[in-house]
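Me: I would like to learn how to read a model of this kind, one feature at a time. Please give the general idea and then the case at hand.

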2 protein chains.
Amino acid sequence: MDSELALKTWFRMLSNTALIEQELRTLFVREFNVTLPQFDLMAALHHAGGSEKMSALSKWMKVSNGNITGVVDRLERDGLVERQALPEDRRVKIISLTDAGAEVFGRMAQRHKEWISSLLEEIGEGDLEQLHLQLVQLSKTIKRKIL
Amino acid sequence: MDSELALKTWFRMLSNTALIEQELRTLFVREFNVTLPQFDLMAALHHAGGSEKMSALSKWMKVSNGNITGVVDRLERDGLVERQALPEDRRVKIISLTDAGAEVFGRMAQRHKEWISSLLEEIGEGDLEQLHLQLVQLSKTIKRKIL
DNA sequence: TCTTGATATTTTAGGTATGAAATATTAGTG
DNA sequence: CACTAATATTTCATACCTAAAATATCAAGA
């Protein structure tokens, strides 16, 4: 097993990801004044059908509970999400996209897709499929090693 | 151009990277009580031959100047690096690995390589080469788009 | 020399991130 | 019913991270 090649591959994956993330961060702030974690949280809510518990968001997004509290605080302050109490279990808070939040999220998701496909558009269709397959395979390998 | 496939590929790259980074973060803290950015900065110093200016570190690591200040503060506090004045230009600070820092870095770099090659070892040699080439190609594409 | 512009670093304000402790609340057990 | 364990969220301390402002210094021209 060529550990130098493994290392080079890892560095290349890391730097590509960092480049794209930085570009997305800039674009999201510029066009929507929203941070990447804030977009991610709204995407998680959208994925869940519009509303979700704090703890479920924490698990889905693979970040700590304490982190979710802060991100929701700022989104709530900006009127994009709201906290609701759950009568049958007073420990729980349900987070929902507000109407404004849902509207903004729709536009953000559209732009996000455009940005990504623009960044990747120069890769040939076949190469892109192959890269995707390689990454799916890598996912499985990593998860077996780590979890 | 299939923008759904582009999006799926991006998400997969992002989640793979996050998984590996999280694992490395845990291992570095457990074995060396050092964070990933701290290791990265020490690696940058090593790459530069042992010492380097703050501004050069900032450029090499692609993070803000202010960030470097904080990371160096903590590494200095822990005795792994030191700041030295440059007599001929008093604006400049030269950061160097201390003897202790160089010794620890040697062990960390070795373990880091082992961890990465262990995480990727199940990928076949040919597949790994192919993945690496795909990522190098992607790098070029992205940089042309962004810079 | 004085001013002006460029360079180098630090500081500040705002936002993420973690893990651990603190708070509430619920649910199960004796 | 009181006690305890489990669950849900927030708070706290620490570390990262950025962009922009502040500070200090250098270098060059009027």
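**Reading the contact, the helices and the DNA surface**

Reply: The contact takes 42 residues from chain A and 42 residues from chain B, where two residues are in contact if their C-beta atoms, placed from the backbone, lie within 7 Å. On the side of chain A that touches chain B, the elements giving two or more residues are α1, α5 (99-120) and α6 (125-146) of chain A; helices (H or I, at least four residues) and strands (E, at least two) are DSSP runs, numbered from the N terminus. That side divides into 20 nonpolar, 11 polar and 11 charged residues. Here Ala, Val, Leu, Ile, Met, Phe, Trp, Tyr, Cys and Pro count as nonpolar, Asp, Glu, Lys and Arg as charged, and the others, Gly among them, as polar.

Me: What conventions apply to the model and its numbering?

Reply: This is a predicted model, in which local features need pLDDT of at least 70 and side-chain atom pairs count only at pLDDT 80 or more, while totals for chains, interfaces and linings use all residues. Residues are numbered from 1 along each chain as its sequence is written, and chains are lettered from A and ligands numbered from 1 in the order in which they are written.

Me: How many helices and strands does chain A have, and in what order do they run?

Reply: Chain A has six helices and three strands. From the N terminus on, the order is α-α-β-α-α-β-β-α-α. The C-alpha trace of chain A spans about 55 × 35 × 20 Å along its principal axes. Of its 147 residues, 25% count as buried. A residue is buried if 20 or more other C-beta atoms lie within 10 Å of its own, exposed if 12 or fewer, and partly exposed in between, with C-beta atoms placed from the backbone. Among contacts in chain A with a separation of 6 or more, 42% are between residues 24 or more positions apart.

Me: Which residues of α1(A) are buried, and what do they pack against?

Reply: The expected span of a helix is 1.5 Å times one less than its number of residues. α1(A) has 30 residues and reaches 42 Å from its first C-alpha to its last, close to the 44 Å expected. Its buried residues are A:Ala6, A:Thr9, A:Trp10, A:Met13, A:Asn16, A:Thr17 and A:Ile20. They pack against α5 of chain A together with α1 (3-32), α5 and α6 (125-146) of chain B. A:Arg25 also lies in helix α1 of chain A, and counts as partly exposed because it has 14 C-beta neighbours inside 10 Å. Just after α1(A), A:Asn33 takes a positive phi of about 55 degrees.

Me: Why do the buried residues of α5(A) line one face of the helix?

Reply: The arc to look at is that of the directions from the helix axis to the C-beta atoms. In α5(A), the buried residues are A:Gly101, A:Val104, A:Phe105, A:Met108, A:Ile116, A:Leu119 and A:Leu120. Down the axis of α5(A) they fall within an arc of 115 degrees, so they line one face. On the other side of α5(A), the exposed residues are A:Asp99, A:Glu103, A:Gly106, A:Arg107, A:Gln110 and A:Glu114.

Me: Which residues come nearest to DNA strand D, and which to DNA strand C?

Reply: A residue is near a strand if its C-beta atom, placed from the backbone, lies within 6 Å of it. Of the 23 residues around DNA strand D, A:Ser55, A:Gly66, B:Thr35, B:Pro37 and B:Gly66 come nearest. Elements giving two or more residues to that surface are α3 (54-61) and α4 (65-77) of chain A, with α2 (36-47) and α4 (65-77) of chain B. The largest share, six residues, comes from α4(B). Around DNA strand C there are 23 residues, of which A:Thr35, A:Val63, A:Gly66, B:Ser55 and B:Gly66 come nearest. For DNA strand C the largest share, six residues, comes from α4(A).
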